[in-house]
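Trainee: Could you walk me through reading helices and side-chain surroundings in a model? I would like the general idea first and then the case at hand.

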Amino acid sequence: MKSLEVLTARSLKGIYWSMGLLPLPPSSQLIRLLFALLIRGIWSVHLLMIVLTGLGFLWRDARLSIGYVSGTTLFMGYAWLGLLLQLESALKHRSSARLEELRFQSQLQMQRLGMSRGCRRARRLLLLIGTQLACDLAKFWANSRADVSPVLTKSMPQMWLLRFRYVQLLDQVIEMNQRGIQLQHSLLRLADGNDIWQPFGFLHESRQLQTLRLAYDRIFECYEAFSDCFGWGMLGLQLMCGFEFVSNAYWIITEVYQQQNLFLFVFNGATCLAMGILITTLFWYGDASTENVSTLPWE
């Protein structure tokens, strides 16, 4: 189990680096900095080409239906969102450094409290990635039979860029949630047989309570730094994925019903499923963070 966690974490870190989703290294590491800038430059050029391709579609086609305009808007919107994520990861390096420092301090405090077991999240992240891959395979199969989307292949790099941003967000949120759960369990064990609102009879219990309070403060600061580091990109992801979910649901109800085409239903259904899973998963674990931390007694 531990080897799976380590292998998954290292593999994901390499993927984040290759997609420009990690903050820029310091100027003292010149080679790594230049390589990171090169990666961001390649992604920026690719995403700008996507935007120009979408503008070309709108310019050439005089018959603009609602489905055509919304599909092209999504095609270009994801490219702009990818550029925003590249910019966010480059400009938020101080917030990222602050977040990493707080996470490290939180881990040390958990070890001091005897809660050194690691946070298990590899299976959940791999399941999410596998589900997204299965949805893409269904879309490619339907597109090969009915030519539903002419830009499916071109849109794959930017789509996986955004999906791995989701994975990156969930990775950190699940870790902070699990630490919050461990903190709750330690507080309940300390309060067992005592009145939590009265002074403790032993000095070591009072010190342990103070240590728990410091650990809570550090975890809460992690959530604040996380919001500052990823807030705008996370908002853009939720808006764009929500818009695509609603658009594909509309296409299923209208176009698929009118044309009675199974491949259209499979393509749009797989898209709705993929986007719905991403949105629901982030909302689920984001809401769990409020239950695990902000409802503790001393908040």
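Predicted model: local features only at pLDDT ≥ 70, side-chain atom pairs only at ≥ 80, totals over all residues.

Trainee: Which residues of H1 are buried?

Mentor: Helices are DSSP runs (H or I, at least four residues), numbered from the N terminus. Buried means under 20% relative accessible area and exposed over 50%, with partly exposed in between (1.4 Å probe, protein chains only). In H1, Glu5, Thr8, Leu12, Tyr16 and Trp17 are buried. They share the same side of H1 because they cover an arc of only 165° around the axis, taken from the directions from the helix axis to the C-beta atoms. On the other side, Ser3, Leu7 and Arg10 are exposed. Gly20, with a positive phi near 70°, follows H1.

Trainee: Where does Arg163 lie, and is Arg163 buried or exposed?

Mentor: Arg163 belongs to helix H6 (residues 152–191) and is buried, at 3% relative accessibility. A polar contact pairs N or O atoms within 3.5 Å; within protein, one must be able to donate a hydrogen and the other to accept it, and residues adjacent in sequence count only if both atoms are side-chain atoms. Here the side chains of Arg163 and Asp136 make one of 2.4 Å.

Trainee: What is Ser89 in contact with?

Mentor: Contact means heavy atoms within 4.5 Å. Beyond its neighbours within four places in sequence, Ser89 touches residues including Gly20, Arg40 and Arg165. Ser89 sits in helix H3 (residues 66–91) and is buried at 4%.

Technical notes:
Residues numbered from 1 in each chain as written. Heavy atoms only, no water. Helix = DSSP H or I, 4+ residues; strand = E, 2+ residues; numbered from the N terminus.
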